[in-house]
Structures are given as C-alpha cells and as structure tokens.
Amino acid sequence: MTPSDSAIVVADLSKSYGAIEAVRGISFAVRRGTTTALLGGNGAGKTTTLSMLLGVLTPTAGRATVLGEEMPAYRHRVLPRMNFTSPYVDLPKRLTVRENLAVFADLYGLRRPRERIAAVAEDCDLVDLLKRPYGNLSAGQRTRVSLAKAVLNEPDVLLLDEPTASLDPDIGDRMRTYLERYQHRTGCTMLLASHHMGEVERMCDDVIMLRAGAVVDQGAPRELIARYGRDTMEEVFLDIARGGGEERAAGAAAEESTS
Amino acid sequence: MKGTAPLERHTGAAASVRRVRAVLRRHGYLILKSWTRIVSMMYYPTVTMIVWAFLTLYLAPTNNFLKDAPGFFIGAVLLWDVLFRGQLGVSLTFIEELYARNLGNLFVSPLTLPEYIAGQLSMSVLRALIGVGGACLFAFLLFRFSIFSLGLPLIAFFANLLVFGWAIGLAMSGVILRLGLGAEEFAWAAIFVLAPVSGVYYPIAVLPSWLQAIAWGTPSAHVFEGMRGVLLRGTFGWDHFWVAAGLNLGYLVLGASAFAWAMRHARDHGTLLQMGE
C-alpha cells in the first residue's frame, strides 16, 4: 500500500502524560474508502489516538497525517474534510436540533445550509425532531443528531468513537446501514472505535488491536478470527485484551501448517 | 439517501466570516429567544443605576458638585457596566461551551482560535448593548438622564472600556481553560478587583500615592478621569484617551496570549474533548 492509497497514516506515534504512556509508538495506515476498527479495552489508547488524528491533542513523538496533511500542524487544511462523533462531547442543549445543525453548517462553510440540513435530517430520521431542543431528546435521538452533525459537511474522513453505544438494536442497525450507504456513495474513509464486535465484523475491512497504548495485532476481521482459531471477533477481542492471545495465534498458525 | 449532489462550500475569507457567524449564531440563539436571559442582563445595571440616581437626588440639593453635574454617578455606573459586561460577555461565551461540553465539537471543526475570539468579542458587544442599553433607557425614562449628554467622548469611553473588558475576559477564559470550571468564579469576580483603582466614583488623586501608581496602569482609571473632565469641566482629555488606548492594546495582546497559551496547554494535555461540567 502506497501513502497515496492511505487516507490516514500513523508512524511511531506516541503520547505521554508525564510518566504515563497513553500511546506507545504505534504505526498503521487506513486505506482510502475503507472502514477500519480501532479496538482495545478501556484505556488502550483508542480515544487518545483519535484525538491526535483530529488535531485536538499534540503527540509527544511520531507523525500522523490525514489526507496527506500532517496533524496537528496543518489541521486547518484538512478539518473541513473531516468530522467525528464522540461520547465525550455534546451539543448545546437549549438550541433546537435545526439551530445546532445550522451552527455547524456555518462552521463547515456550507452553501445552501437549509437544503443540506433537510437532507441529513431525512437520512438520520430527524425530520420530526428539528424544532425540538436538543436537551429534550432521548439518548438514542441525541446520538442520531450527533451522527447528522458528523456527516453534515460530507466528510472524506469520519472518525467515530462509539457511534452506536446508546442506541437500541433497531436504531443501531439503521445507523450502521446509513453509514454503509454513506460510505458507498461518497467513498468516505472511516476509523471506528467500538466495543460492539458485531458492528466491527459487519462494517470493517480492517481491524487494529490496541493494548496498553501499543498495536498488538492488525488485519481483516476474518483473518484475525482465523489466526486466533476463534469463531467471532468477540472471542478474538477477549484473547487479545486479556493477554496471551499472541500465543494462541501462534498455536493456531502451527496447527494450520501441520494439517 | 438525499444530498447526492456534491456539496458546495465557502472557502477563504468567506468561510472565515461564516465561522465567526457560527459562534454568534450559537450564542445569539441562546440569548435572543430567552427573555429571562435578556432581563437578567439588564437587571443588575438598572438596579445599580437606580440606587445611585436616588443618592444623587438626595445629595444634590446640598452639594454644589452634584448640582453642576447631576448625571455624574449615573454616568459612572453605566460606564462601569460597559467594562463589566464587556468582560463577562467574553468569559460567559466561553463558559457556555464548557457547560454544553461543546468545546470538542468546535475545535475539531475548521474554526480557528482567532475566529473563535472574534466571535467572543462580537458576543461581548451584543451583551454590553443589551445590558447597558436597558439601563440607559431606564435612566432616561426615570431620571431624564441621557448617556448621550456626554457627547462624542462617549464613543471613546465606551470603546476603551469595552476593549479593556475584552482583555480581562480573554485572560479569564484562559484561566478557566487551564484550571477547569472550578475557576468559573474568577470570571464573575475578576473585574471588581479593578473597581477601587479605576476611580469610578472618585478622582484617582484621593488614593494613596502607591495605589495611584497602580491605578494609572489601568485604562479604566484614564476613562473615568476623562469622564469627570467632560462632566465637570466640559473638556475631553486626549492625553487620557491615548494612554488608555495604548494600555488597552498591551492588555489585549496579553489577554489573547494567555488564552492561546491555555489552548496549547489543553492540546498538550488532552482536555479539549473532556472539559465540561
């Protein structure tokens, strides 16, 4: 894979807070137009990595480039073509859904914002909620508004931190379908941090496994499942998160070669 | 799926103007549709003005100074509130983002810090106009005092006090970004440290000499000295005006630098996405 094939390139990226190493020299690339999962237990470094890719956290060492632009130095060149959702941020609660989206339409410099807001509202099933204050919505409805905000500028790179965490299975499935269709239409590159392994198996072309701030494995979901001799990504996740997964992968590979 | 045509976007200066407008919109929606917020902005300056106006009515018959300048205290309290609203307008615009946990959304958008500051300053003007404007209206309706009786110097006083308020507001935004919402009280209280040395209701000459030296280092002392010159002697002190403007330039650079430093610290420590209530 050449750098031009990659929407995101991370090389020896580290982040330390004093003596604590949150991310330790990780390297990976995300191919354009694909969906890649960033997996790991709590504190594995997923959100820290996403924050550095968004330019809101300065790396201690290493490089991160998005669409060819180095972050965070040249973030303002690429941020108009990016967006994100995260459970760590929220939207102003007293503003209506329409007002919130209008503010972000201005932030992303959209021409004809009304048309765009109407289109996104229809796609995210928000038409009936546009006049309601964001603070009066249920958790699931708020997640849909956050997703609408994230695709409002039709980003080329979308970073999704737990995008369906608080959604019921029906709405979660609709959102995944929406994201898949959105990617199919726009060729958007998605990097997804998730604890929902079914979502990862369904949506992701590649998986990057983090543990204690380091990349411990990566590959396509099917490859990883085969490599670890498991049936699901859930089992692979548990192997890696609890440690000892590498031995199991080596054992599975040896078994494969002798059979 | 809707919206299949490619999106058209503004670029360059047009996009920058829209990002500033976004900050204005976000806070404008909040203020202009809430009559309780508008009333609360006018409440404090109006009540304070009324107290000083009645004190003037009480003292004026026996006081030659107030006979000559009956609007002295009212003008002072209104101009003091320009400084207060100017500072609060900048700080509260920032604090609202922390309450809403919206800071992360703003700063992963293309919004730059100078654009955000431009939005904060614009909101400060709006808040000052609403708060002080309401009090000015009541001063005229109840006491027949028009702030415009100060004439053109009013513009110079207003501008200098507003800019000084911006400088303090930006510095306070930096302090809150660095220390968290626990430091919110600074935003409300910071300005009152300046009241004794600003000579709002008395000349700087009454202060002890060591305190006078500090007082002349504040633009507000020069503005209120200038206001007394206009009301009591009918002259506009250009020297005070230029010194206040020069000091303001320095303080504004310091205030913006403090905010920018706090923003860099937040980017280093990963607090932009996590700050909030």
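The model is a predicted one, in which local features need pLDDT of at least 70, side-chain atom pairs count only at pLDDT 80 or more, and totals for chains, interfaces and linings use all residues. Residues are numbered from 1 along each chain as its sequence is written, while chains are lettered from A and ligands numbered from 1 in the order in which they are written. Helices (H or I, at least four residues) and strands (E, at least two) are DSSP runs, numbered from the N terminus.

**The helix pair α6(B) and α7(B)**

- Two packed helices are described by the angle between their axes and the distance between the axes.
- Helix α6 (residues 113-143) and helix α7 (residues 153-179) of chain B pack at about 130°, and their axes are 11 Å apart. Axes are lines fitted to C-alpha atoms, for helices over the stretch in contact, and angles run from 0 to 180 degrees between N-to-C directions.
- The crossing in which α6(B) passes α7(B) is right-handed. A crossing is left-handed if the near helix is turned anticlockwise from the far one by less than a right angle, and right-handed if clockwise.
- From α6(B), the residues Ile117(B), Leu121(B), Ser124(B), Val125(B) and Ala128(B) meet Leu162(B), Gly165(B), Trp166(B), Gly169(B) and Leu170(B) of α7(B). Two residues are in contact if their C-beta atoms, placed from the backbone, lie within 7 Å.

**The helix pair α2(B) and α4(B)**

- Helix α2 (residues 35-59) of chain B packs against α4(B) at an angle of about 160°, with the axes 8 Å apart. The two helices are therefore roughly antiparallel.
- As α2(B) passes α4(B), the crossing is right-handed.
- The contact involves residues of α2(B), including Pro45(B), Met49(B) and Trp52(B), and residues of α4(B), among them Phe73(B), Val77(B) and Asp81(B).

**Arg85(B)**

- Arg85(B) belongs to helix α4 (residues 72-100) of chain B.
- Is Arg85(B) buried or exposed? Arg85(B) is buried, because it has 30 other C-beta atoms within 10 Å. A residue is buried if 20 or more other C-beta atoms lie within 10 Å of its own, exposed if 12 or fewer, and partly exposed in between, with C-beta atoms placed from the backbone.
- Not counting residues up to four places away in sequence, Arg85(B) touches Arg127(B), Ala128(B), Gly131(B) and Val132(B).
- Arg85(B) and Met41(B) are 44 residues apart along the chain, and their C-alpha atoms are separated by 8.5 Å.

**Chain B as a whole**

- Chain B contains twelve helices and zero strands.
- The radius of gyration of chain B is 21 Å, close to the 19 Å that the globule rule gives for 277 residues, so chain B is as compact as a globular protein of that length. The radius of gyration is taken over C-alpha atoms, and the globule rule is 2.2 Å times the number of residues to the power 0.38.
- Along its principal axes, the C-alpha trace of chain B spans about 75 × 40 × 35 Å.
- Of the 277 residues in chain B, 44% count as buried.
- Among contacts in chain B with a separation of 6 or more, 75% are between residues 24 or more positions apart.

**The sheets of chain A**

- Strands of a sheet pair through backbone hydrogen bonds, either parallel or antiparallel.
- Two strands pair if DSSP finds at least two bridges between them.
- Eight bridges join strand β1 (residues 6-17) of chain A to β2(A) in the antiparallel sense, and Tyr17(A) has Ile20(A) in β2(A) as its bridge partner.
- An open sheet of six strands has mixed pairing and the order β6-β7-β8-β3-β9-β10 (chain A). The edge strands of this sheet are β6 (82-85) and β10 (214-219) of chain A.
- Helix α9 (residues 233-241) of chain A lies across β3, β9 and β10 of chain A, running at about 30° to β9(A).

**Where the chains meet**

- In the model, 36 residues of chain B are in contact with 40 residues of chain A.
- The largest share of the side of chain B that touches chain A, nine residues, comes from α1(B).

Notes. Angles under 35 degrees count as roughly parallel, over 145 as roughly antiparallel, 65 to 115 as roughly perpendicular and the rest as oblique.
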